[in-house]
Amino acid sequence: MIRKHLRLLTPLALLGLLVGLADLSHGSVGEDEDYYMQGLLIREQYNQVQVLEKQNSFIPDGEEDPKEHSAKKTAKAKSDSSKKTDKTPADAKTVKSPNKKAEKTKKTAVKNPNSVSEGEQQYNPIKKECPPIGLESLKIDDFQLHASSTKRYGLGAHRGRLNIQAGLYEDDLYDGAWCAGRDDTLQWFEVDARRLTKFTGVITQGRSSLWSSDWVTSYKVMFSNDSHTWITLNNGSEDLIFKGNREKEIPVRNIFPEPVVSRYIRINPRSWFTRGSICMRVEILGCPMPDPNNYYHRRNEVITTDDLDFRHHSYKEMRQLMKVVNEMCPNITRIYNIGKSQSGLKLYAIEISDNPGEHEVGEPEFRYTAGLHGNEVLGRELLLLLMQFMCLEYLSGNQRIRHLVEETRIHLLPSVNPDGYEKAFEVGSELIGWSLGRWSNDGIDIHHNFPDLNAILWAVEAKKWAPRKMFNHHIAIPDWYQSTNASVALETRALIAWMEKMPFVLGGNLQGGELVVTFPYDRTRSQGVVREQTSTPDDHIFRWLAFSYASTHRLMTDANRRVCHTQDFAKEDGTINGASWHTAAGSMNDFSYLHTNCFELSMYVGCDKFPHESDLPEEWENNRESLLVFMEQVHRGIKGVVKDHQGRGIANAIISVEGINHDIRTAADGDYWRLLNPGEYRVTARAEGYSLLSKKCEVGYEMGATRCDFTIGRTNMSRIKEIMEKFKKQPIKLPMRQLAARGSRRRRLGT
């Protein structure tokens, strides 16, 4: 339904004539005979389809002048292309884009010459490229990857995945690439697609390493249907040699001159960095051929029934989508911005509530943020899908969604770092590497750009000044941090102002590159220690909140899932204390806990930071239930209002829970929310000028916060001060002896 209001995806592209592999039939087919016969039928079916234009991203074997050869191929491709421009399938329909500038941006998204080799294919928007088959996203499992030889287990074929990261110490189990056991031209890296696949290209990287420089500079590509008989991709007379990498991090994509249908594909390195070894990280581009009898594929296929806009959105397209959602659900949504990025892009948020624009007494406020790192795109798209989903489900009468909207004020901020995202979006999902677009325009990591309040609190606690000289909560921001010369991103300042303005109770920031939920503290308490369990006073509730997301995610707690990079978080129920993973001062999570009432966690929602568009429906299914369940946790614990005897709400009153050395404060209307696990608690409310009051509050196992209100009276001293100020007089300070003499005189006189 949402998609009817938006630009539709590019029409299905032209299919290419497939390279014949007829001589493979002379090999031993065996159990793969069905795959091979189906391949012949499929190739026959496509015989009448026009040929894809050839590209210049290869070097014929033995060619002495690759530039001259490339120029000839390019000229021929241009000639062929000009002849084919007016040819389109008869059933193809053209849909006008409502945003031509955004469409232009998307079509040229993979043309960044700084990110790919000179042999990179120039993207033709008329054709629909095949997506990655899933080495980076882990759709391809370890048993589908093979190699001619291996230097050691940690450098085995299972580590030859695009963008895989090595451990800090590069131990024997988790290294950053496949590396051959010998450096010669007989080595190969093989992928078994387990079904006939139309292969269209290869993307390669060098080895992820702090200490080594290893990458392949050229390679051949081979195909087989039985893994015994192999055909090398050629131009009719010579084997094609594709240009590889020039350094180890920037991915290089090569598109085949024509698609090739087979089950197996091999990459055969021909040359490599002179001071390095044969090491590769790889992704294969390919479209699986129709095969209803393939049990393996059916068993692992994830299909969504939600009719949402599953694609990557540029900044303008994101803004347009939010506007569409607002127009569809005007009674429960409101769009606003919290500030601007360094380049001037507004940081848009959408509010979802039954009374948008107003804080309702007793209704908790929740937030999701995404895109603090611009290249971690999945979280951004998940929030755009979430706002569509909630709008549609609310309109359809979904009682769960209606209850959530009517009882919670929800804020979704999908792109904290739009500048970084635009850089990543321009290059494309498979070519950004691991870090392009991560930082803000002025080179700042926004998630770790907040003031380090942990050090301030721990220094005070070491001197035993808390709570006499400083509170254990709402710690003030240091003056130096607020100066104009401080290295603070505009986006960070906007976030802080937003966090201080809204009485948030619970929040989650969606990140990428892993499958785990982290909770505070993110900084280790011991100086110089890289990893150390560093718990907050609210460790038990933080662990529950983290588990509520991880346990309802389709993959996070799956003990059989493959490790993303170096650590198996599934053994820890898909959650981890941030400091025990890696220490980071000034995180958004720690700042939110120590400076505001909001409990903030980080959700790393996928191994692939920037998944291909075709993977978005499955990623939505992986995270949809988790996103909803975590929002519902804002109603766990106690809530209430602190009032005076006249029934007026008291702002900034302190709520303390016995046994937990972390307090919270009431909002402007005197209402509060305290996240707690089930149990019985002694809770105290106090405010300046008022008497403190304690009572027992019980939290049950059922969903819904327990009501725990307080009515507190003024102290005698505060009343005296109020009377004196009212009559513009000051209390008279008399010496103690004079006061005692007056008292004895009154007793003698009987007054």
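I looked up the handedness of the link between Cys-179 and Cys-279 in this predicted model. The torsion about the S-S bond is 115°, and the link is right-handed. I then checked where the two cysteines sit: Cys-179 is in strand E3 (residues 178–179) and Cys-279 is in strand E9 (residues 279–288). The pair links distant parts of the chain, 100 residues apart. I noted an S to S distance of 1.9 Å for this disulfide. Cys-179 has 0% relative accessibility and counts as buried, because the cut-off is under 20%. Cys-279 also stands at 0% and counts as buried.

I went on to Cys-329 and Cys-391, which form a disulfide with sulfur atoms 1.9 Å apart. Cys-329 lies in the loop between helix H5 (315–328) and strand E10 (333–340), and Cys-391 lies in helix H6 (residues 378–396), so the pair ties together parts 62 residues apart in sequence. I found Cys-329 buried at 3% relative accessible area, and Cys-391 buried at 2% relative accessibility.

I next took the disulfide of Cys-697 and Cys-708, with S to S 1.8 Å. Cys-697 is in strand E23 (residues 693–699), while Cys-708 is in the loop between strand E24 (706–707) and strand E25 (710–711), so this pair ties together parts eleven residues apart in sequence. Cys-697 is buried at 3% relative accessibility; Cys-708 is buried with a relative accessible area of 3%.

Last, I looked up the overall pattern. The structure holds five disulfides. With the bonded cysteines of the protein chain numbered in sequence order, I wrote the pairing down as 1-4, 2-3, 5-6, 7-8, 9-10.

Notes: Residues are numbered from 1 along each chain as its sequence is written. This is a predicted model: local features need pLDDT of at least 70, side-chain atom pairs count only at pLDDT 80 or more; totals for chains, interfaces and linings use all residues. Side-chain values use heavy atoms; hydrogens and water are left out. A disulfide is a pair of cysteine sulfur atoms within 2.5 Å. Helices (H or I, at least four residues) and strands (E, at least two) are DSSP runs, numbered from the N terminus. Buried means under 20% relative accessible area, exposed over 50%, partly exposed in between (1.4 Å probe, protein chains only).
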